[in-house]
Amino acid sequence: MLGPSTHSVSNLRGPRYVCLARDGGFIVSEECGDIKLFNSNHKLVGSLGCRYGHQFGNPAGVCADVEGNIIVADEQHRAVHLFPKSGSPICLVSKGLRKPAGVACSNSGLLLVADSGDNYGVN
């Protein structure tokens, strides 16, 4: 059940999608920007662009898997990338995508991608 309190955070430019991080924080994608990482106290702790040296086109959907890796759909680059807790980003899907907008991952490791460019969802 969601609590009655709300919190505002600063340091965002065009927030789009949000998801909970496995460490109790949360992750926010910014339109034509970056992916911002916040801790459980709602404080900005970094961004994926700075952490990995990755240049996003237009990041959209974000999710975190059971291991704490972050998965991002990038509409402009027509790709879905995994950002591991350690190591370099990995392109998970690019072939056949037109405008990947949403991503979700299950506890069993299934990745779901919503592609708004062709009105399909893929897994």
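Student: Which residues does D74 touch, not counting residues up to four places away in sequence?
Tutor: This is a predicted model. D74 sits in strand 6, residues 70-74. Setting aside residues up to four places away in sequence, its contacts are F56, G57, N58, P59, A79 and P100.

Student: Which side chain of opposite charge is nearest to D74, and how far away is it?
Tutor: D74 is buried but has no salt bridge. A salt bridge needs a side-chain nitrogen of Lys or Arg within 4 Å of a carboxyl oxygen. The nearest side chain of opposite charge is R16, at 7.6 Å.

Student: Which backbone nitrogen does the side chain of D74 reach?
Tutor: A polar contact pairs N or O atoms within 3.5 Å. The D74 side chain comes to 3.2 Å from the backbone nitrogen of Q76.

Student: Is G49 buried or exposed?
Tutor: G49 lies in helix 1, residues 48-52. The cut-off for buried is under 20% relative accessible area. G49 has 12% relative accessibility, so it counts as buried.

Student: Which residues is G49 in contact with, leaving aside neighbours within four places in sequence?
Tutor: F56 is one of the residues that D74 touches. F56 is also in contact with G49. With those neighbours left aside, the G49 contacts are D34, H54 and F56.

Student: How far apart in space are G49 and H81?
Tutor: In sequence, 32 residues separate G49 and H81. From C-alpha to C-alpha, the distance is 12 Å.

Technical notes:
Residues numbered from 1 in each chain as written. Predicted model: local features only at pLDDT ≥ 70, side-chain atom pairs only at ≥ 80, totals over all residues. Heavy atoms only, no water. Helix = DSSP H or I, 4+ residues; strand = E, 2+ residues; numbered from the N terminus. Buried < 20%, exposed > 50% of the residue type's maximum accessible area, 1.4 Å probe, protein only. Lys, Arg positive; Asp, Glu negative; His and termini not counted. Polar contact = N/O pair within 3.5 Å; in protein donor to acceptor, adjacent residues only side chain to side chain. Contact = heavy atoms within 4.5 Å.
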